[in-house]
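The exercises below are meant to be worked through with the sequence and the structure side by side. Try each task before reading the solution that follows it.

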Amino acid sequence: MSIVARNLIKEVGDPASRIISNINLVINDGEFISISGRSGSGKSTLLYLLSTLDQPTSGELIINEKQITTLSVEEIHHFRNKHLGFVFQFHYLLPELNAIENVLMPARKNNQIEEKTEYAHELFKIFDIENKKNKLPGQLSGGEQQRVAIARALIMKPSYLFADEPTGNLDSKNGNIVMNILKETNLHLKTTVILVTHEPEYSAMADREIILIDGVIKQNQTRKNTIKNISDKTKFKKTITKKKL
Ligand SMILES: Nc1ncnc2c1ncn2[C@@H]1O[C@H](COP(=O)(O)OP(=O)(O)O)[C@@H](O)[C@H]1O
Ligand SMILES: [Mg+2]
């Protein structure tokens, strides 16, 4: 299981301007990758290309040995629902649904509400938001909203979790909580995590750091010692364990 990008190029506008240039990248099963770079360097564009949310102008994307670039729109939707989870800077929770209904939304789409309900409750417990299940997103703090959004991203047990500056809208305490969740998800559920961040402290939690400059990979470096937990104060009451989930 891996993500392989070959000569990915993304051009926009007319005349065309190239915002992603010749990306060649392999992301292995179970890795935690960070993508860093200045604002406008192409981080989000690369993340969307790698996660099938955007289509390259040219090049190949192969996930789990499937040639994504040749799949139909329906096939890509199905593949995405089954294997990929997403977290963004803004939570995009549906305002009229309560927290647990939001988390179960992907299960609803897959006709798996019953099978996934227990897992949803477990995620609320682990993320320490058990008493927020029946609240509407508007009744939650920013940090709680983001934890609900992560639970929604994980409900289908995706192999890959893509996160675009998930801490960008949070204070440092809540940012740390979110980062610890991503790290534990990677360590214990073996979910491959691809994180866009411009916080050096957070990219230091990744196994490998990719730095983009003007749509080009300038650095692609494995770290020897990654930070396992950003601050003891934000440890979970319960640790995510494979057994529990
Ligand atoms: N659809 C688009 N049309 C035109 N320019 C775009 C489009 N998407 C992104 N860009 C430009 O491409 C560059 C990279 O954008 P982005 O991937 O959002 O960067 P980052 O996430 O690193 O801030 C920026 O200069 C941005 O303005
Ligand atoms: Mg961005």
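A residue is called buried if 20 or more other C-beta atoms lie within 10 Å of its own, exposed if 12 or fewer do, and partly exposed in between, with C-beta atoms placed from the backbone. The model is predicted, so local features need pLDDT of at least 70 and side-chain atom pairs count only at pLDDT 80 or more, while totals for chains, interfaces and linings use all residues. Residues are numbered from 1 along each chain as its sequence is written, and chains are lettered from A and ligands numbered from 1 in the order in which they are written.

**Exercise 1.** Classify Asp214 by its surroundings and describe its backbone.

Solution. Begin with the count: Asp214 has 14 C-beta neighbours inside 10 Å and therefore counts as partly exposed. Finally, the phi of Asp214 is near 45°, a positive value in a residue other than glycine.

**Exercise 2.** Work out in which order the strands of the open sheet lie, and how they pair.

Solution. Two strands pair if DSSP finds at least two bridges between them. Four strands form the open sheet in the order S2-S1-S4-S5, and the pairing is antiparallel. The edges are strand S2 (17-28) and strand S5 (66-67), each of which pairs on one side only. Stepping across the sheet, strand S1 (residues 2-12) pairs with S2 over eight bridges, and Ser2 stands opposite Asn28 in S2. Five bridges then join S1 to strand S4 (residues 58-63), where Ile62 is the bridge partner of Val4. Two bridges join S4 to S5, with Ile63 opposite Lys66, and these two strands form a hairpin with two residues between them, where Asn64 in the turn has a positive phi of about 50°. The loop between S1 and S2 holds Pro15, and the peptide bond from Asp14 to Pro15 is cis, with omega near 5°.

**Exercise 3.** Describe which residues surround ligand 1.

Solution. A residue is near a molecule if its C-beta atom, placed from the backbone, lies within 6 Å of it. The residues around ligand 1 include Val12, Ile19, Gly37, Lys43, Ser44 and Thr45. Helix H1 (residues 43-50) gives the largest share of this shell, three residues. Sorted by type, the shell has two nonpolar, eight polar and one charged residue, where Ala, Val, Leu, Ile, Met, Phe, Trp, Tyr, Cys and Pro count as nonpolar, Asp, Glu, Lys and Arg as charged, and the others, Gly among them, as polar.

**Exercise 4.** Find which residues have the most contacts inside the largest nonpolar core.

Solution. A nonpolar core is a set of buried Ala, Val, Leu, Ile, Met, Phe, Trp, Tyr and Cys residues joined through C-beta atoms within 7 Å. The largest core has 57 residues, and those with the most contacts inside it are Val103, Ala151 and Ile194. Helix H6 (residues 142-154) supplies the largest share of this core, six residues.
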